[in-house]
Amino acid sequence: MSKWLVSIIAFTIICITLLFINDEQSSEKTTNVSVQPLVVTSETLPKIAIQEVVKKSADAKIIDNRRPLEIVEGQEEHYIVECEPELLPELLPETKQEEQIRQSYVQSLSSSSLPSKQLAYALFSVPPDDKSRLDLLSSFNGRFPHNSIVLMEMINLCTASLTHPACNQTLLENATDIDGNNGALWYQIANYHAASGNELATLNAMREVTKSTHFNERFFSDIEVYMQALKGSGVGNHISNRSTAIGINAAKPMNVSAIVKFCRQKESYDDITANLCLELGQLLEVQAKTLFNSHIGIALQDFVHLAEHNEDALKDNKHKKDKLRKEAFTKQFNKAMTLTWLDENLYWYLVKVRERFGEKEAANLLVKEAISRSQREDYDPCPTTNR
């Protein structure tokens, strides 16, 4: 199994634990855990999702290269193509040689004259022994300033490396000059100040989150940077490159534990802190692009409700979390996600709608698009032979 898929599976276990962050026991664990804004979906477990499709009943009959159409009467409008499952395992090359070729290509991007290629190097390469990821991003920022993805990632890494030379007020000011209307940036800044123990600056950054016009973590932008950098290079293929990008992103630290600890107070809150933690949680729940951060938002609200002994609000939030989990694991969504591994155009459609509308709404749009494509007679994304 590819080392990136191993990291995906390990990371997903962490994510599942953190989804129950409002419980007393889970809350205690979260304080010292660095987590990523990776949402537990069929995409975060690409091989497992495809292996799930591989399970077929003994009496299944092959109709060309698709699975048998078993459509319940009245449900034809919801049909999504399912490929013959025994073909799917061949779509995930995992050899060491392929991984090494891909990584060598990424390492070579350091000498590219294109900023987009150098960005992929800074985000996804293996840093030299005497350098860190933060060093690479700081160097890129010096050559190509004003990149919002880089600035946000630098602040994220600074949360765990407060003494790094790049981690200073100038970095924060440059980031807010470029992306100051983005609540996700101020959320990172709030984490940074919470980690440094600056309570007043933390509260001010939280207030800026609630005043922002939009919220974009740019998590999916990172994956797109990697995919675009390798597109047309002849290295790997859509499936293997995408699996690797997801794995690398899963392994990235995303330090939200500082703000979680800041808002998780067992005793009484002062009014300002309670209100800001509650408002921040409500905003994350509704506006965050990732479902993971939506769960974090509900958890922040729960901390305040626990302190106020608001049982009705806690029950309501539990229903919200249950609903989010169910919406992320629908059968139709899993079918549509499997198709994105076979239909590259469908995958890029997903990338665009995720970036624009967020993961929750993108899931609905993906299902609709998959249904629309499946209804075309000429649509056949399934492999024709078992290689």
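A disulfide is a pair of cysteine sulfur atoms within 2.5 Å. The views below are taken from a predicted model.

**View 1. The disulfide of cysteine 263 and cysteine 277.** A disulfide joins cysteine 263 to cysteine 277, with an S to S distance of 2.1 Å. The link between cysteine 263 and cysteine 277 is left-handed, with -90 degrees about the S-S bond. Because cysteine 263 lies in helix 13 and cysteine 277 in helix 14, the pair ties together parts that are 14 residues apart in sequence. Cysteine 263 has 0% relative accessibility and therefore counts as buried; cysteine 277, at 0% relative accessibility, likewise counts as buried.

**View 2. The disulfide of cysteine 83 and cysteine 382.** The sulfur atoms of cysteine 83 and cysteine 382 are 2.1 Å apart and form a disulfide. The torsion about the S-S bond is about -85 degrees, so this disulfide is left-handed. Cysteine 83 is located in the loop between helix 3 (46–54) and helix 4 (96–108), and cysteine 382 in the segment after helix 19 (359–374), so the pair ties together parts that are 299 residues apart in sequence. Cysteine 83 and cysteine 382 are both buried.

**View 3. The disulfide of cysteine 158 and cysteine 167.** Here the sulfur atoms of cysteine 158 and cysteine 167 lie 2.0 Å apart and form a disulfide. With a torsion of about -85 degrees about the S-S bond, the disulfide is left-handed. Cysteine 158 is buried, as is cysteine 167.

**View 4. The disulfide pairing in the chain.** The structure holds 3 disulfides. When the bonded cysteines of the protein chain are numbered in sequence order, the pairing reads 1-6, 2-3, 4-5. A disulfide is a covalent bond between the sulfur atoms of two cysteines.

**View 5. Arginine 264 in a loop.** Arginine 264 belongs to the loop between helix 13 (257–263) and helix 14 (271–287). Is this residue buried or exposed? Buried means under 20% relative accessible area. Arginine 264 has 13% relative accessibility, so the residue counts as buried. Leucine 300 is 36 residues from arginine 264 in sequence, while the C-alpha to C-alpha distance between arginine 264 and leucine 300 is 7.3 Å.

**View 6. Arginine 354 and its polar contact.** Arginine 354 is part of helix 18, which covers residues 344–357. With a relative accessible area of 5%, arginine 354 is buried. Which residue does the side chain of arginine 354 make a polar contact with? The partner is the side chain of glutamate 359, at 3.5 Å.

How values were computed:
Residues numbered from 1 in each chain as written. Predicted model: local features only at pLDDT ≥ 70, side-chain atom pairs only at ≥ 80, totals over all residues. Heavy atoms only, no water. Helix = DSSP H or I, 4+ residues; strand = E, 2+ residues; numbered from the N terminus. Buried < 20%, exposed > 50% of the residue type's maximum accessible area, 1.4 Å probe, protein only. Polar contact = N/O pair within 3.5 Å; in protein donor to acceptor, adjacent residues only side chain to side chain.
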